[in-house]
Amino acid sequence: VSAGHALAAQAAYAILEAGGNAVDAGVASAMTLGVVQSDLVNIAGVAPIMIRQPSGEVTTISGIGRWPRAADINRLVLEHDGHVPHGVLRNVVPAAPDAYITALEQFGTMSFGEVTQGALQAARDGFIMHELMAQTIAENEDNYRRWPSNREIYLPNDTRPKVGDIFVQSDLAHTLQYMADQEAARGGGRLAGLNAARNAFYKGDIARAIV
């Protein structure tokens with residue numbers, strides 16, 4: 001296993017040790033990166049995926065959400081001088097959860113609850129703030145302060161986190177746990193459970209909170 005953070009590699013390796021396949025492990029790793037590098041790649045962001053089979057066949061999963069309908073290129077040229085402004089017009093529909101679950105449906109063997117354990121633990125219990133993330137937050141502190149919800153997460157106690165601090169993302173942990181709980185409650189087999197986890201994000205309380 002190779003990943004951009006030790007905890008992501010550890011999460012994937014744990015899946016392999018538990019009998020999961022490479023796709024199960026890849027999803028576990030990617031989701032954990034969405035926690036321990038959430039300043040760069042986010043669980044509610046994008047997740048383009050490429051999967052190469054032993055036969056050499058390659059499958060891609062887009063993992064890119066749709067732009068808002070109001071983000072018309074002509075509007076951006078006329079009203080925003082050709083730039084994409086900060087705010088809703090800059091945000092796509094979160095595609096990563098669907099991409100991860102699609103990969104598990106088509107190529108995986110495990111449940112969402114199983115592969116999300118590494119990400120869930122890192123979000124719930126926290127992880128050691130590392131230099132790259134601390135630097136990114138420091139460089140973008142003014143932007144984080146623009147949005148109360150971002151400020152609450154990335155500037156806890158109104159202070160930028162320091163290398164070595166324990167960094168917790170409780171709301172993200174609750175989101176992942178809710179998706180796993182909905183999967184477990186669904187019954188009807190692995191695929192039905194995965195779809196329940198997807199619906200928990202896109203059609204339930206989480207979606208309403210995002211809107």
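Mentor: Let's start with a definition: buried means under 20% relative accessible area, exposed means over 50%, and partly exposed lies in between, using a 1.4 Å probe and protein chains only. This is a predicted model, where local features need pLDDT of at least 70, side-chain atom pairs count only at pLDDT 80 or more, and totals for chains, interfaces and linings use all residues. Residues are numbered from 1 along each chain as its sequence is written, and side-chain values use heavy atoms, leaving out hydrogens and water.

Trainee: Why is Thr-136 called buried?

Mentor: Its relative accessible area is 11%, and the cut-off is under 20%, so Thr-136 counts as buried. Thr-136 sits in helix H7 (residues 131–139); helices are DSSP runs of H or I with at least four residues, numbered from the N terminus.

Trainee: What does Thr-136 touch, leaving aside its neighbours within four places in sequence?

Mentor: Thr-136 is in contact (heavy atoms within 4.5 Å) with Asp-39, Leu-40 and Tyr-144.

Trainee: Is Gln-37 buried or exposed, and how do you know?

Mentor: Gln-37 has 11% relative accessibility, so it counts as buried. Not counting residues up to four places away in sequence, Gln-37 touches Gly-4, His-130 and Leu-132.

Notes
Helix = DSSP H or I, 4+ residues; strand = E, 2+ residues; numbered from the N terminus.
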